[in-house]
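Please consult the sequence and the coordinates alongside the text.

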Amino acid sequence: MDNVFDSALDSLKKAGKIGKIDLKVMELLSRPKRIIDFTIPLKMDDGSFKLFEAYRVHYNDALGPTRDGTRFVPNLHVDEVKALALFMTIKHAVSGVPAGGGKGGIKVDPSKLSDWELERLTRGFIRNLKPKGPKIDIPGADIGTDYRTQSWMLDEFEQITGEHNPPAINDKPNIMGGTVGSAEATGLGIFYVTQKACNDNNIDLEGEKVVVQGFGQVGATIARYLYDLGAKIISVSDISGGFYDEDGLDIIEMQSYAEKNHGLEGYSKAKGISNNELLTLNCSLLIPAAVQNVINGKNAADIKSKMIIEAANGPITPEGEEILKAKGIKVIPDVVANAGGAIVCHYERIQGITDDYWDIDKVEKRLEKQILTAYVNARNTAEEFDTTTRIGAWIVALRKVSKAVKMRGWV
Ligand code: NAD
């Protein structure tokens, strides 16, 4: 199953069946509430003109306004955006965030644009999308977007509406009304969940071998937390390829190399390894933190890790998951493991609305409590239904969404 939306629907259907969710609610959730499909015209620096495809999907808003990421990638497909918006619906529900699921994006390779072009395109996204503010839909960041794009988005929104409204856009810097701790939130959340899941499965992280695919905001952050704890990170990679050292890589050095060189390409202090080989290394923990569908029917049988923590969204296909299950490899699913960013975006919204900004201690303490509650609820529900933690997490979420949908009288 290469289509990530089909994979998301597979989890939805399995969880609905096992958790005995009302069939009318299941039918409602089998498609998004709204897909906004639009085109952004952009004047390039050389005077030429290009058109860019863009989307925003509002999957379900029974639990609150639709929220979250905006992906700028060259191969964006609307099905990817639909899948991510469904994941956000589930992620918010399972982690107790009063929000629905939204996702958007532009089909573009941002590295091929100048800074001016990227700014004009990002502002064009907001002008053409016309988001309606923090009570309706809040675009955040994702792959290819960052503090800069989110600052431009907020400024464009405020220029259009004529009022300051920081909670209208998520993942912005502090000076624009963002929150402290947002850059590390997803990685830190994964760290809290990893520690708890390892504890539950008798894995002592100190000295254990860990492999991380993807060395961006999430991958590098979780690699660093685990490295500081004493785990042996034997392999990491980015889109240019992977690096391997059986005795453990120097993650601090690799982080500063990646910052200086905008990636790991050219790093010379470890052996090279392909992104596919890296996935099949002998290790205790495998953390896919790059893109979807990397563990699938073709390579799952070769995975040797004791446990997989899904830092990326949708890194395992349903076929891959069946094989892993048969091999007894435990998977901690994306909708719980990487919910830290979504949870801290919720704190960002609270702070923006109240104009009362928190310190890092408050952000981290609340995040730890909230994400571990989500993990424990998913784990306990999985035990109750004798199923995987993924299906357990989806059942927790579907029960909440179902209740809200029914209370609203939608089915
Ligand atoms: P990022 O753009 O900062 O980093 C992505 C990393 O993956 C880069 O190192 C890139 O080179 C690498 N990569 C890209 N394609 C690859 C490929 N085909 N093979 C191997 N490596 C590849 O993105 P990020 O914010 O770190 O997000 C990573 C994943 O985590 C995505 O799936 C994203 O949806 C998910 N996620 C991110 C957040 C967040 O807060 N940033 C929250 C939840 C989930």
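The points below cover the ligand surroundings and then the sheet.

This is a predicted model, in which local features need pLDDT of at least 70 and side-chain atom pairs count only at pLDDT 80 or more, while totals for chains, interfaces and linings use all residues. Residues are numbered from 1 along each chain as its sequence is written, and side-chain values use heavy atoms, with hydrogens and water left out.

**Ligand surroundings**

- Phe215 places a backbone N or O atom 3.0 Å from an oxygen atom of the ligand, a polar contact being a pair of N or O atoms within 3.5 Å.
- A polar backbone atom of Gly216 is 3.2 Å from an oxygen atom of the ligand.
- In Asn313, a side-chain N or O atom lies 3.0 Å from an oxygen atom of the ligand.
- On its own the ligand has 840 Å² of accessible area, and the protein covers 79% of it (Shrake-Rupley method, 1.4 Å probe).

**Sheet architecture**

- An open sheet of 7 strands has the order S10-S9-S8-S7-S11-S12-S13, with mixed pairing. Strands are DSSP runs (E, at least two residues) numbered from the N terminus, and two strands pair if DSSP finds at least two bridges between them.
- Strands S10 (271-273) and S13 (330-332) stand at the edges with a single partner strand each, so one side of each has no neighbour in the sheet.
- From one strand to the next, the twist averages 20° (axes are lines fitted to C-alpha atoms, and angles run from 0 to 180 degrees between N-to-C directions).

**Strand pairings**

- Strands S7 (residues 209-213) and S8 (residues 232-238) run parallel and are joined by 5 bridges; Val210 stands opposite Ile233 in S8.
- S8 and S9 (residues 241-244) run antiparallel with 4 bridges, and a hairpin joins them through 2 residues. Ser237 stands opposite Gly242 in S9.
- S9 and S10 are antiparallel and share 3 bridges; Tyr244 has Lys271 in S10 as its bridge partner.

Conventions. Polar contact = N/O pair within 3.5 Å; in protein donor to acceptor, adjacent residues only side chain to side chain.
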